[in-house]
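Open the model in your viewer and keep the sequence panel at hand.

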Amino acid sequence: MTRYAEGTQVDESRSRGEIERTLRRYGAQGFGYAWEGNNAMLTFKANGRMCRFLLPMPDQNDREFTYTPERQVRRSPAAARAAWEQACRQRWRAMSLLIKAKLEAIESGIVTFDDEFLAPMLLPNGQTVGQWAVPQIAAAYERNQMPALMPGLSERSC
């Protein structure tokens with residue numbers, strides 16, 4: 001299977017700029033970008049909500065960049081860096097597509113903002129809804145039991 005934009009020549013800064021312009025066009029009130037190590041982060045404010053996307057970037061030392069895919073021959077440092085940069089560009093193009101598709105689906109009335117951006121929506125404690133909910137969902141499936149609607153409140157106290 002091929003990856004979206006796997007051969008793109010659009011650099012990361014152009015993709016980030018496109019994401020920012022897309023968010024503005026659809027009414028976002030704020031946008032931010034940061035990176036640390038192999039992770040990039042996009043945040044934005046729209047519809048009275050803050051959202052955060054973490055974009056894991058590839059590790060420059062991974063074998064997929066240091067060796068050729070066909071014959072597993074070690075690449076030169078310049079060739080390895082070029083392959084890694086290509087993978088980074090591809091991820092930014094995919095992130096741009098993701099955000100644009102979500103916003104267009106909202107604008108078209110297919111989904112609501114809260115439904116489409118639920119997982120990356122920030123809670124008051126700084127966690128995303130996804131970070132908060134995924135462990136609870138896993139536990140519910142593991143136990144085959146729904147979590148309590150109001151933990152700590154027994155049925156007898158009602």
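This is a predicted model: local features need pLDDT of at least 70, side-chain atom pairs count only at pLDDT 80 or more; totals for chains, interfaces and linings use all residues.

Residues are numbered from 1 along each chain as its sequence is written, and side-chain values use heavy atoms, with hydrogens and water left out.

**Second largest pocket.** Select Glu 12, Tyr 33, Trp 35, Gly 37, Asn 38, Asn 39, Ala 40, Met 57, Pro 58, Trp 84, Cys 88 and Trp 92, which line the second largest pocket. Strand 1 (30-36), strand 2 (39-46) and helix 3 each give two or more residues to this lining. The lining comprises eight nonpolar, three polar and one charged residues.

**Largest pocket.** Next select Arg 3, Glu 64, Phe 65, Ala 83 and Ala 87, which lie nearest the centre of the largest pocket among its 13 lining residues. Helix 3 gives the most to the lining of the largest pocket, with four residues. Five nonpolar, four polar and four charged residues make up the lining of the largest pocket.

**Arg 89.** Finish in helix 3 (residues 77-107), where Arg 89 is found. Which side chain of opposite charge is nearest to Arg 89? Glu 85 is, 4.6 Å away, and Arg 89 has no salt bridge (a side-chain nitrogen of Lys or Arg within 4 Å of a carboxyl oxygen of Asp or Glu).

Methods
Buried means under 20% relative accessible area, exposed over 50%, partly exposed in between (1.4 Å probe, protein chains only). Lys and Arg count as positive and Asp and Glu as negative; His and the chain ends are not counted. On a 1 Å grid over the protein atoms alone, a cavity is a set of points where a 1.4 Å probe fits but cannot get out, and a pocket is an open set with protein on both sides within 12 Å along at least five of seven lines; lining residues have an atom within 4 Å of a point. Ala, Val, Leu, Ile, Met, Phe, Trp, Tyr, Cys and Pro count as nonpolar, Asp, Glu, Lys and Arg as charged, and the others, Gly among them, as polar.
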